[in-house]
Amino acid sequence: APSVALRLFLQCAQEACHCQYEDISYEFITQAFILFEDEIADSKVQEGLIAVFVGTLGSMKNLGEENYDTLITKTTQYSAKLLKKPDQCRAVM
């Protein structure tokens, strides 16, 4: 259930960004990161969700450069924490 909630946060972030509500979009992504950090323990699930974060952030065209850089850096940091080196490599690419 946490992964479903995380995906919903990211979908809401995309829609908020599409409507040019950057602050709201940023908050949804921040909440998704908190959920990821606190509730998702399985490395395979984490790997899949990192890909969802990357895809979501890549599609958000109305996100300011500073916010985008902060969020993509955080995503990269989470991918570097994955347990297996091959998983880290796939997530960063």
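Residues are numbered from 1 along each chain as its sequence is written, and side-chain values use heavy atoms, with hydrogens and water left out. Because the model is predicted, local features need pLDDT of at least 70 and side-chain atom pairs count only at pLDDT 80 or more, whereas totals for chains, interfaces and linings use all residues.

The protein contains five helices and zero strands, where helices (H or I, at least four residues) and strands (E, at least two) are DSSP runs numbered from the N terminus. Along the sequence, the pattern reads α-α-α-α-α. Of the 93 residues, 34% are buried (under 20% relative accessible area; exposed is over 50% and partly exposed in between, with a 1.4 Å probe and protein chains only). Among contacts (heavy atoms within 4.5 Å) with a separation of 6 or more, 63% are made by residues 24 or more positions apart.

Helix H2 (residues 22–39) packs with helix H4 (residues 65–80) at an angle of about 10 degrees, the axes lying 11 Å apart; axes are lines fitted to C-alpha atoms over the stretch in contact, and angles run from 0 to 180 degrees between N-to-C directions. H2 is therefore roughly parallel to H4 (angles under 35 degrees; over 145 is roughly antiparallel, 65 to 115 roughly perpendicular and the rest oblique). From H2, Glu22, Tyr26, Ile29, Phe33, Phe36 and Glu37 meet Asn67, Thr70, Leu71, Lys74, Thr75 and Tyr78 of H4. The residues of this contact comprise six nonpolar, three polar and three charged (Ala, Val, Leu, Ile, Met, Phe, Trp, Tyr, Cys and Pro are nonpolar, Asp, Glu, Lys and Arg charged, and the others, Gly among them, polar).

Five aromatic pairs are found in the whole structure (rings of Phe, Tyr and Trp, the last by its six-membered ring, with centres within 6.5 Å; planes under 30 degrees apart are stacked, over 60 edge-to-face and the rest tilted). One of these is the edge-to-face pair of Phe36 and Phe53, at 5.8 Å centre to centre and 90 degrees between the planes. This pair links helix H2 to helix H3 (residues 43–59), its members being 17 residues apart. Phe36 and Phe53 are both buried. Phe36 also forms an edge-to-face pair with Tyr78, at 5.0 Å and 65 degrees. Phe36 lies in H2 and Tyr78 in H4, so this pair ties together parts 42 residues apart in sequence.
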